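Please take a moment with the model shown here. We will walk through it one piece at a time.

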Amino acid sequence: MKTTKDFQKMKDKNEAIAMMTAYDYPSAKLTEKSGMDMILVGDSLGMTVLGYDSTVPVTIDDMVLHTKAVRRGAKDTFTVTDLPFMTYHISEETTLRNASRLLQEAGAQAVKLEGAGSVLSMISRLTSAGVPVMAHLGLTPQSVGVLGGYKVQGKKAEEAEQLLQDAKAAEKAGAFALVLECVPKQLTGLIVETLSIPVIGIGAGAKADGQVLVYHDVIGYGSEHLPKFVKQYANVQDTIEEALHQYVSEVKDSRFPEDQHTFTMDEDTLTHLYG
Ligand code: KIV
Ligand code: NA
């Protein structure tokens, strides 16, 4: 399994880091098989698999459950799990407890948390307790209520300057990597040059040290609205729809099951049963 040190080396050697979310056993198995460098058990699972309309309702129990399933499917892949909304703000004690559940109970290798400001002290507290932390800046979906929607961040000079300062502060606080979401490519370039740690982009352009996308978006599985920054590489949704439709019609027309799907008993037993 790769380590935080390997990701640092990849940045230093200009080798791109490929990361994707996974939420359960089968998605983790396929993700690991693909040669993915890192898995994110993202709180985007609130939308992709639980059907909420934001990440805000996701709980630490949800993240523990899904991380366990992912780790069973991807035993050799470095796995980062999101600390969900409000699980790293209340106190250092609850933050440490929640991170410990993700690492010790669920088997994650690192945690990710959103924002800077008062969150910076949590990054440094976690890091000094031995928890690798990935920071997340730019569009931070847990703050959708404050941001007023899912929009590109850092387009204006003042915002961009603040983002750069936050990124530097996250590195200084001990983050081993940074996710940068939905920012102009020029700002990504500046942050990548300024920071020593790897910057993983999503909607942040080609200058990032790595890329992360949401599994369901990439394979075309149930995502209704795809943001501009997504590239959909397959459309498994159509395949699934077709299969389910065919099953329903074959059951209703008595074309399924056929002999090959059916068990039999021998004649003697049958005679005995009929008396
Ligand atoms: O939850 C998630 O999927 C994420 C990525 C989009 C970075 O945080
Ligand atoms: Na997330």
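**Starting from a pair of strands**

In β6, Gly138 has Glu181 as its bridge partner. Helices (H or I, at least four residues) and strands (E, at least two) are DSSP runs, numbered from the N terminus. This is a predicted model, in which local features need pLDDT of at least 70, side-chain atom pairs count only at pLDDT 80 or more, and totals for chains, interfaces and linings use all residues. Residues are numbered from 1 along each chain as its sequence is written, while chains are lettered from A and ligands numbered from 1 in the order in which they are written.

Let us stay with Glu181, which is in strand β6. A UniProt record, an unreviewed entry, places the feature "active site" at Glu181; UniProt positions are given in the numbering used here, feature names are shortened, and annotations may be inferred rather than shown by experiment. Is Glu181 buried or exposed? Glu181 is buried, because 21 other C-beta atoms lie within 10 Å. The term buried asks for 20 or more other C-beta atoms within 10 Å of a residue's own, exposed for 12 or fewer, and partly exposed covers what is in between, with C-beta atoms placed from the backbone. Not counting residues up to four places away in sequence, Glu181 touches His136, Gly138, Leu139, Ile202, Gly203 and Ala204; a contact means that two C-beta atoms, placed from the backbone, lie within 7 Å.

Now follow the strands around it. β5 (residues 133-138) and β6 (residues 177-181) pair in the parallel sense over five bridges, where pairing means that DSSP finds at least two bridges between two strands. Six of the six residues of β5 are buried. Val133, Ala135 and Leu137 point one way from β5, and Met134, His136 and Gly138 point the other way. On another side of the story, β4 (residues 110-114) pairs with β5 in the parallel sense over four bridges, and Leu113 stands opposite Ala135. β4, helix α6 (residues 119-128) and β5 make a right-handed β-α-β unit; right-handed means that, with the strands pointing away from the viewer, the path from the first strand over the helix to the second runs clockwise.

A right-handed β-α-β unit is also made by β6, helix α9 (residues 185-194) and β7. β6 and β7 pair in the parallel sense over four bridges, with Gly201 as the bridge partner of Leu180. From β7, the pairing passes to strand β8 (residues 210-213), in the parallel sense over two bridges.

Next comes the ligand. Which residues surround ligand 1? Among them are Thr21, Asp43, Asp82, Glu181 and Ile202, where near means a C-beta atom, placed from the backbone, within 6 Å. The shell has five nonpolar, three polar and three charged residues. Here Ala, Val, Leu, Ile, Met, Phe, Trp, Tyr, Cys and Pro count as nonpolar, Asp, Glu, Lys and Arg as charged, and the others, Gly among them, as polar.

Finally, the UniProt annotation "binding site", from an unreviewed entry, covers Asp43, Asp82 and Glu114. These residues span 72 residues in sequence, yet no two of their C-alpha atoms are more than 11.1 Å apart, so they gather at one spot. Asp43 sits in the loop between β2 and α3, whereas Asp82 lies in strand β3 (residues 78-82). Asp82 counts as buried because it has 32 C-beta neighbours inside 10 Å, and Asp43 is one of the residues that Asp82 touches.
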